[in-house]
Amino acid sequence: MASEHTTQTQTVQQAAITSDSEAPWADLVVTIPNDRDHASVVALVECALVELTHEAVGAVFVSRQVGRSTRTQYVAGDDVGEQFQKRHFDDRLGWHETTVPRRTVRDELITQLMRSPSTPTERSGEGAASEPDTFVVKPVRELRTP
């Protein structure tokens, strides 16, 4: 019994001192294009959705195209993970927020992460993106808002 208490205390203490960089979701970062197969992308998205539901984190997908960038953020809208707040920012159109079901978030993220690379024509020219598209999970306090 004493060993169970000690183990529980150590687990609680370890959880209390874990920083964001050591959090289970801290390594949920993907650049697009990537070499992941469909099953791997689905597993990553499911993992991200679980973290969004149980932690104060949001998923962010950033897309860069010639002269334009968009940012889509997903944050859990309820405690059971069935509704998510979707915040979409387009540098030409501004912010748009909506509530979407889990299935929609899942499908959108899978589609975004499975995208093929942009063609050189889409990436070239003035204002071309020097960075790849990215997907990351980060603390809600670090998300950009309108």
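How far apart should the ends of helix H3 (residues 102-113) be, at 1.5 Å a residue? The expected span, 1.5 Å times one less than the number of residues, is 16 Å for the 12 residues of this helix, and the end C-alpha atoms are 16 Å apart, which agrees. Helices here are DSSP runs of H or I of at least four residues, strands are runs of E of at least two, and both are numbered from the N terminus.

Please note that this is a predicted model, in which local features need pLDDT of at least 70 and side-chain atom pairs count only at pLDDT 80 or more, while totals for chains, interfaces and linings use all residues. Residues are numbered from 1 along each chain as its sequence is written, and side-chain values use heavy atoms, with hydrogens and water left out.

The buried residues of H3 include Val 105, Leu 109 and Leu 113; buried means under 20% relative accessible area, exposed over 50%, and partly exposed in between, with a 1.4 Å probe and protein chains only. Seen down the axis of H3, the buried residues fall within an arc of 165 degrees, so they line one face; the arc is that of the directions from the helix axis to the C-beta atoms. Arg 103 and Thr 111 are exposed on the face turned away.

I turn now to the core. A nonpolar core is a set of buried Ala, Val, Leu, Ile, Met, Phe, Trp, Tyr and Cys residues joined through side-chain atoms within 4.5 Å. The largest one has 24 residues, and Val 105, Leu 113 and Phe 135 are among those touching the most other members. Helix H2 (38-54) and H3 are among the elements that each supply at least two residues, and H2 gives the most, with seven.
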